[in-house]
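Q: Hi! I've just opened this one in the viewer. Could you walk me through it?

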Amino acid sequence: MADVNTKYVCGICGYIYDPAEGNSEMEVAPGTSFADLPDDWGCPLCGVNKSEFYAVD
Ligand SMILES: [Zn+2]
């Protein structure tokens with residue numbers, strides 16, 4: 001159940017995607033939930049795809 005309050009962490013490098021902040025490097029607006037990221041979005045640090053991320057509290 002991904003929502004705008006759920007952060008996701010990269011399982012490879014530890015980068016944290018915070019939906020409240022979005023991801024300016026990838027032109028993701030603040031308030032975008034992880035589930036709403038485009039399928040071609042990848043970790044801005046190491047480049048892995050969304051399947052390598054997991055939800056954190
Ligand atoms: Zn990464």
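A: Happy to! The protein has three strands and zero helices. Keep in mind that this is a predicted model.

Q: What order do the elements come in, going from the N terminus on?
A: They run β-β-β. The radius of gyration is 10 Å, close to the 10 Å that the globule rule gives for 57 residues, so the protein is as compact as a globular protein of that length.

Q: And what does the C-alpha trace span along its principal axes?
A: About 25 × 25 × 15 Å. As for burial, 37% of the 57 residues count as buried.

Q: How are the strands arranged in the sheet?
A: The sheet is open, its three strands have the order 2-1-3, and the pairing is antiparallel. Strand 2 (16-17) and strand 3 (53-56) are at the edges with a single partner strand each, so one side of each has no neighbour in the sheet.

Q: How many bridges join strand 1 to strand 3?
A: Four, with strand 1 covering residues 7-10 and the two strands running antiparallel. Lysine 7 has valine 56 of strand 3 as its bridge partner, and cysteine 10 stands opposite phenylalanine 53 in strand 3.

Q: OK, and how many between strand 1 and strand 2?
A: Two, and that pair runs antiparallel as well. Tyrosine 8 has tyrosine 17 in strand 2 as its bridge partner.

Q: What happens in the hairpin of strand 1 and strand 2?
A: There are five residues between the strands, and glycine 14 takes a positive phi near 90 degrees in that hairpin.

Q: Which residue other than glycine has a positive phi?
A: Glutamate 27 is one, with phi near 60 degrees. Glutamate 27 sits in the loop between strand 2 and strand 3, and it counts as exposed because its relative accessibility is 76%, where exposed means over 50%.

Q: Switching to the metal. Which protein donors does the zinc ion have?
A: Cys10, Cys13, Cys43 and Cys46, each through SG, lying 2.3 Å from the zinc ion. In sequence, the donor residues are spaced C-x2-C-x29-C-x2-C.

Q: What geometry does the site have?
A: The site is tetrahedral, with angles of 102 to 115 degrees among the four donor atoms.

Q: Is cysteine 10 buried or exposed?
A: Cysteine 10 counts as buried, because its relative accessibility is 3%. So this zinc donor, which faces phenylalanine 53 across the strand pairing, falls below the 20% cut-off for buried.

Q: And where does cysteine 13 fall on that scale?
A: Cysteine 13 counts as partly exposed, at 36% relative accessibility.

Q: Now charges. How many salt bridges does a search of the whole structure find?
A: One. The side chains of lysine 7 and aspartate 18 meet in it, at 3.9 Å from N to O. The pair links distant parts of the chain: lysine 7 is in strand 1, aspartate 18 is in the loop between strand 2 and strand 3, and they are eleven residues apart.

Q: How do I judge that 3.9 Å?
A: The cut-off for a salt bridge is a side-chain nitrogen within 4 Å of a carboxyl oxygen, so the 3.9 Å pair counts as one.

Q: Are the two partners buried or exposed?
A: Aspartate 18 counts as buried, with 18% relative accessibility. Lysine 7, at 34%, counts as partly exposed. That is the lysine 7 whose bridge partner in strand 3 is valine 56.

Q: What else lies by the side chain of aspartate 18?
A: The backbone nitrogen of alanine 20 lies 3.0 Å from a polar atom of that side chain.

Q: Last topic, the other aspartate. Where does aspartate 36 lie?
A: Aspartate 36 is in the loop between strand 2 and strand 3, the loop where aspartate 18 is found. Aspartate 36 counts as exposed, because its relative accessibility is 58%.

Q: How are aspartate 36 and proline 19 placed relative to each other?
A: They are 17 residues apart along the chain, and 9.8 Å separates their C-alpha atoms.

Q: Great, which atoms should I click on for the zinc site?
A: The SG atoms of Cys10, Cys13, Cys43 and Cys46 are the protein donors. Enjoy the look around!

Note on methods: Residues are numbered from 1 along each chain as its sequence is written. This is a predicted model: local features need pLDDT of at least 70, side-chain atom pairs count only at pLDDT 80 or more; totals for chains, interfaces and linings use all residues. Side-chain values use heavy atoms; hydrogens and water are left out. Two strands pair if DSSP finds at least two bridges between them. Buried means under 20% relative accessible area, exposed over 50%, partly exposed in between (1.4 Å probe, protein chains only). A polar contact is a pair of N or O atoms within 3.5 Å; within protein, one must be able to donate a hydrogen and the other to accept it, and residues adjacent in sequence count only if both atoms are side-chain atoms. Donors are N, O and S atoms within 2.8 Å of the metal (3.2 Å for Na, K and Ca); water is not among the atoms, so sites may look incomplete. Four donors count as tetrahedral if all angles lie between 85 and 135 degrees; four count as square planar and six as octahedral if opposite donors are over 155 degrees apart and all others between 65 and 115; anything else is irregular. The radius of gyration is taken over C-alpha atoms; the globule rule is 2.2 Å times the number of residues to the power 0.38.
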